[in-house]
Amino acid sequence: MARATGKAHMIVLDVGLTTAMATGIDKQSFFQKSKACASLIIQRLIFSAPNDHVGIVLLGTTETNNQLNVELGRYEHITEAFELKQANWPTLRILLDQVAQTDVEACWFDALIVALNFLRNGAQGKKCTEYSIILISPFFTSSHVTQDQLESVMDGFRSMECVLHVITNYVLHPAAFIASIFTTSGTFDENASKSDARSLNERTLKKVLDDTNGTVSNINWAERMLTFFDPKVVRPTPWNSLLSIGTKVKLSISAYVMIVQQKGLGSFKVDSVSDPTSSGSSKVEMKTQYLLNDKPIEISMQDIIMGYMYGSTAVPYDNTIDIEYRSGDSRLACLGFTASSNILEEHLSAKGSLVVVAKKGCTASNHKLSALVKAMYELKVIMIATKVYRKDNRPRLNALVPTYRNEIPCLIMMELIFKDEMCCLKFPPLLKSKPMPTDEQYDAVEKLIESMNLMDAIEDSNGESREAFAMHNTFNPSLQNVYRAVAHRALHPKKPLPAVMDSTLQELIEVPKKVANRAKPALDEVKRQFELKEITQNTRTEWLQRMAKIKLADDATSSISTIDSGVLMDDDDAERRMVVSVGTVTPAEDFVLLLRRGERFATVATQLQNVLFELLFTSMRAPDDKVVTALIVYRSEAQHLGPYRYNEWMAEFKKMLLTRRKEEFWKTVIVGKRLGLIDSQESEMSTISVEQAANFYETPSENKSTVESFSGDNIELDSLFDELNGSF
């Protein structure tokens with residue numbers, strides 16, 4: 001197996017800053033920022049580039065420990081602290097806990113030579129593609145460098161193709177352009193008041209930076225940018241296949257991922273955070289446990305039936321039926337062409353997109369693809385093709401859209417959804433009438449839009465403005481929070497996570513202060529021009545009353561009228577709805593529509609019972625008001641069409657609620673809304689007396705004999721479960 005390739009980085013950290021106060025720099029603050037930058041660089045490598053190697057050289061240590069000093073002498077107070085190896089958390093902990101500030105001065109140019117030699121020796125035997133040295137120092141100590149020494153160092157950089165990155169103070173960055181660190185360079189501030197030694201060092205640094213195409217960054221800017229972690233860099237790998245059109249035309253193509261959902265961190269090895277010095281094992285083991293009604297049970301493998309979960313319903317699968325579908329070899333086969341207007345946005349899956357080009361080196365396929373894209377573009381058609389990613393994988397239906405990217409003909413491939421995955425939402429009109437806004441209202445909204453302009457929403461310390469939330473320069477706050485939480489837990493296993501979000505993350509989710517202050521007068525004017533009045537929406541309650549000809553027990557302004565269960569309908573919509581059976585989305589409406597269509601009450605009632613069972617006992621969501629409304633409608637219809645079935649089911653339903661610890665639902669809904677048995681006064685067909693109906697609301701602990709005398713036949717829990725769950 002080939003060893004993974006990566007980059008090699010050497011960090012040179014200045015820890016001896018004795019006379020830094022003389023230049024107006026807070027030496028303690030600069031040292032803390034320097035160490036923070038070094039630690040953040042290592043964290044970025046752990047998350048984003050696990051194959052990269054990193055080493056550390058300390059400049060200004062009390063002791064001297066480097067190879068050049070042993071061989072040649074003169075390289076004093078420089079320590080090769082960490083050899084070149086893959087970035088890890090133990091190295092980072094040692095850097096943060098054991099590296100301290102000293103009162104020793106050392107030559108930064110000597111440290112640069114030591115780092116270059118240390119990097120060259122450490123990279124031997126490692127498959128590294130790029131080399132870089134990151135020098136973090138205020139460059140206060142004077143360094144007298146001869147031209148021969150400078151040329152020798154630059155020759156060393158050229159021979160290794162190494163790049164120098166400098167992090168220091170007195171550096172300016174253009175405010176209008178923000179990019180990732182080490183990809184853009186600032187400039188030394190020529191107008192700042194600096195010592196002669198610092199000015200001399202800057203001239204030497206400029207020569208090395210220009211020769212190596214290096215970068216220079218301000219330490220405050222670098223610390224801020226390093227706190228944001230970049231996603232792991234992945235080399236674009238094409239999916240190579242054949243695009244077949246008919247039986248004769250075949251093109252060798254390569255598909256590259258263009259847009260994909262950001263997945264964040266990958267999987268981690270599972271381990272405990274127990275004390276490593278303890279004798280107990282820190283190994284984490286997984287255990288499978290079988291439960292029945294929340295109680296552990298013993299079960300043999302012979303009693304286990306393989307199955308799949310379809311939503312919240314278990315679908316058993318008989319593995320004795322040998323049915324295996326094989327899609328064949330990997331391919332992209334054209335099924336046909338259709339007009340572009342036939343493929344709408346709601347037909348496309350949200351799994352991203354790929355760009356399809358001719359395979360590299362295939363000239364004939366390149367000419368064919370160019371002609372195909374040109375013809376499709378002129379005819380305004382889209383190709384529908386079936387894609388098999390790997391041999392015997394499930395085929396996927398894709399749409400290939402012709403386009404030109406940087407004047408190169410290509411196809412954009414996006415997956416299509418199935419018909420049952422399409423969700424077309426119909427929303428009720430906000431207003432029945434459409435009044436025309438006044439000129440004052442138009443002006444108020446226009447001023448509000450202008451005040452929320454993001455192109456100049458952020459101002460830096462120099463007074464220059466730049467764009468806020470730029471598309472390519474804004475980080476994902478959720479992903480950044482996960483990165484920081486993982487880093488904090490890795491460095492401090494025993495400490496809890498910070499309760500307050502970091503200020504840099506707050507800026508990613510908050511409105512810029514400049515925009516908020518600028519938009520406040522315009523927002524107040526909009527509030528004054530547009531007077532808001534609360535309108536109670538009773539459409540759904542009124543529709544149920546018209547359909548079932550009932551009077552709901554709750555007030556029209558209660559929560560029933562605001563159920564989040566689907567589309568509000570009028571009579572015409574009710575006629576057009578194609579309802580086959582009672583569903584879990586709008587059970588009350590489905591129940592009434594099926595009865596209105598002429599379905600048997602017994603059939604529809606059984607369907608509603610199964611739906612209520614699923615919503616209460618198998619759904620992951622807590623019971624909402626749709627269950628209450630369905631019970632109200634069921635009971636109202638049963639009073640007219642036959643209360644016997646409802647009373648029999650309600651007795652079993654009560655046992656099921658109390659057995660499965662749904663006492664709160666029983667007290668709040670059944671007892672509180674009086675949805676129990678239908679007595680003889682409510683329906684002439686009922687055989688339940690008023691006294692029996694009243695005693696029904698008592699729980700077994702309160703009046704066990706009453707419930708037993710009413711329930712009649714003893715019903716086993718297992719048979720009740722099988723009966724209620726029979727249709728699943």
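How many salt bridges does the rule give? The count comes to 17 salt bridges, a salt bridge being a side-chain nitrogen of Lys or Arg within 4 Å of a carboxyl oxygen of Asp or Glu.

This is a predicted model, in which local features need pLDDT of at least 70, side-chain atom pairs count only at pLDDT 80 or more, and totals for chains, interfaces and linings use all residues. Residues are numbered from 1 along each chain as its sequence is written, and side-chain values use heavy atoms, with hydrogens and water left out.

**View 1. The protein chain as a whole.**
The chain holds 22 helices and 21 strands. These are DSSP runs numbered from the N terminus: helices are H or I with at least four residues, strands are E with at least two. Of its 728 residues, 41% count as buried. Buried means under 20% relative accessible area, exposed over 50%, and partly exposed in between (1.4 Å probe, protein chains only). The chain exposes about 43800 Å², and carbon and sulfur atoms supply 53% of that area. Accessible areas come from the Shrake-Rupley method with a 1.4 Å probe; for residues, only the protein chains shown count as cover. Among contacts between residues at least 6 apart in sequence, 71% join residues at least 24 apart. Contact means heavy atoms within 4.5 Å.

Helix 5 covers residues 147-160. At 1.5 Å a residue, its 14 residues should span 20 Å, and the end C-alpha atoms are 20 Å apart, which agrees. The expected span is 1.5 Å times one less than the number of residues. Leu150, Val153, Met154, Gly156, Phe157 and Met160 are buried in this helix. Packing partners of the buried residues are helix 4 (108-122), strand 4 (128-136), strand 5 (162-168) and helix 6 (196-212). Asp148 and Ser159 are exposed on the face turned away from the buried side. Glu161 follows helix 5, with a positive phi near 55°.

**View 2. Helix 17, largely enclosed.**
Helix 17 runs over residues 625-641. Its 17 residues should span 24 Å at 1.5 Å a residue; the end C-alpha atoms are 24 Å apart, which agrees. Of the 17 residues, 13 are buried, so helix 17 is largely enclosed by the rest of the structure. Gly642 follows the helix, and its phi is positive, near 140°.

**View 3. Lys206 and Glu190.**
Lys206 forms a salt bridge with Glu190; the closest N and O atoms are 2.8 Å apart. Lys206 lies in helix 6 and Glu190 in the loop between strand 7 (187-188) and helix 6, so the pair ties together parts that are 16 residues apart in sequence. Lys206 is partly exposed at 33% relative accessibility. Glu190 is exposed at 52%.

Asp524 and Lys520 meet in a salt bridge, 3.4 Å from N to O. Both lie in helix 12 (residues 513-529), four residues apart, about one turn of the helix. Asp524 is partly exposed at 37% relative accessibility, and Lys520 is exposed at 51%. Arg528 pairs with Glu525 in a salt bridge whose closest N and O atoms are 2.8 Å apart. Arg528 and Glu525 are three residues apart in helix 12, about one helical turn. Arg528 is exposed, with a relative accessible area of 57%, while Glu525 is partly exposed at 26%. Elsewhere, salt bridges that share partners join Asp155, Arg158 and Asp211 into one network.

Lys380 is not a glycine, yet its phi is positive, about 55°. Lys380 sits in the loop between helix 8 (363-379) and strand 17 (381-388). At 62% relative accessibility, Lys380 counts as exposed. Arg674, also not a glycine, has a positive phi of about 55°. Its place is in the loop between helix 19 (663-671) and helix 20 (690-695). Arg674 is partly exposed, with a relative accessible area of 43%.
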